[in-house]
Amino acid sequence: MQSTIVSSPHIHAPASVPWVIRQVIMATIPTALFGVYLFGWPAFNLLIISLVSAIGVEAACLYIANKPVKLFLNDGSAFLTGLLIALTLPPWTPWWIPVIGVSFALVIGKHLYGGIGQNLFNPAMLARVMLLVAFPLEMTTWITPTPLFSANAPGFLESLAITFGGATQYFDAVSSASLLGYVKTEMTLNHTVAESLVNYSYGTSLFGWTAGSLGETSGLLILAGGIYLIYQRIITWQIPVAMLVTLALLATIFSFIDPDHYTNALFHTFNGGTLLVAFFIATDPVTAPSTSQGRILFGMGIGLIEFLIRTWGSFPEGVGFAVLLMNAMTPLIDHYVRPRIYGRDRRGRPLDTQPASNKG
């Protein structure tokens, strides 16, 4: 006996939520591995603690909510959240920072709203901003690159003392400022951009040999991962392109007007969390607008707010705040920028489907 379709036809796609999340994880792995190599065993500890915490907190939340633990853990969303949080943290941060960040992201940023697909704010960025406001010292302690097995790199046992014991004596020889923070400080001392960046090479940021968060240093690897996601149609081009073009355009205009006090577009693009956010966080389909036009506005808003905070705000990096502010704007964007309904124009009026021969 044949079954009869009693509802609208269904379109089957090979993609699923676990498959999509696995692709994003795969795209971030080169950046994460490079971060571990660049900053040594303490960065490895940070990554493992963040991932294990994410799985444990997710399992606890699912159990308390009486949801199938194994089913939801297997979708990989908690693992991805833990991975993204680790990539946005200083690589030698103490163990309790990723634990608090992951717990806040999953409990407050995700499950408080009902679980996967229902959150208003991106959980990783929500945790990043909360940690920055609550623990500014730990979140702004940067490390000069100390590659694994190099002369200045701590061994595995020493890394445990750094991560779990707060062994601050190891920081003295390798502590550094991020480029954004360094330039911000130099500006307050009335130094020009040229004077501040006299020893800076853009290749440093492109290849990643600079101080910064675990996963934000290598622009080349992040770009490669982002292009892979666009190629696989996991993300669309509108948000990253709109965000980067807006940021670059504003930086170019102000740098042209006063090059002594405003850094150029390349500096803004390849330093800080700009690229990581543009491809891996702002493109989160749950917290971004649903239409192409809406995503362009969303990306432009992030680029604008990021530039304003970096240039005139108290924080040298503003991309996390920019994402959260635009997440809050997403319902408003979706309200006014709606997709065209099949059979109607963009104003919602029915299309004229009467053949021309029948008119008149």
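Okay, let's start with Ile230: leaving out residues up to four places away in sequence, Ile230 touches Ile235, Trp237 and Phe279, where contact means heavy atoms within 4.5 Å. Before I go on, this is a predicted model, so local features need pLDDT of at least 70 and side-chain atom pairs count only at pLDDT 80 or more, while totals for chains, interfaces and linings use all residues. Numbering runs from 1 along each chain as its sequence is written, and side-chain values use heavy atoms, with hydrogens and water left out.

Back to Ile230, then. Ile230 sits in helix H13, residues 219–231; helices here are DSSP runs of H or I, at least four residues, numbered from the N terminus. Phe279 is 49 residues away along the chain, yet the two C-alpha atoms are separated by 8.9 Å. The cut-offs are under 20% relative accessible area for buried, over 50% for exposed, and partly exposed in between, with a 1.4 Å probe and protein chains only.

Next, Gln238, which is found in helix H14, residues 238–257. Gln238 has a relative accessible area of 7%, so it is buried. Its side chain makes a polar contact of 2.7 Å with the side chain of Thr236, and another of 3.2 Å with that of Ser292. By polar contact I mean a pair of N or O atoms within 3.5 Å; within protein, one must be able to donate a hydrogen and the other to accept it, and residues adjacent in sequence count only if both atoms are side-chain atoms. Setting aside neighbours within four places in sequence, Gln238 is in contact with Ser292, Arg295 and Ile296.

Now the pockets. A pocket is an open set of points on a 1 Å grid over the protein atoms alone, where a 1.4 Å probe fits, with protein on both sides within 12 Å along at least five of seven lines; lining residues have an atom within 4 Å of a point.

Which residues lie nearest the centre of the largest pocket? Those are Leu80, Thr283, Asp284, Pro285 and Val286, out of 33 lining residues. Helices H1 (17–39), H4 (77–87), H6 (123–134) and H16 (274–281) each give two or more residues to that lining, and H1 has the largest share, with five.

For the second largest pocket, also lined by 33 residues, Arg128, Trp142, Leu180, Glu216 and Glu317 lie nearest the centre. There H6 gives the most, four residues.
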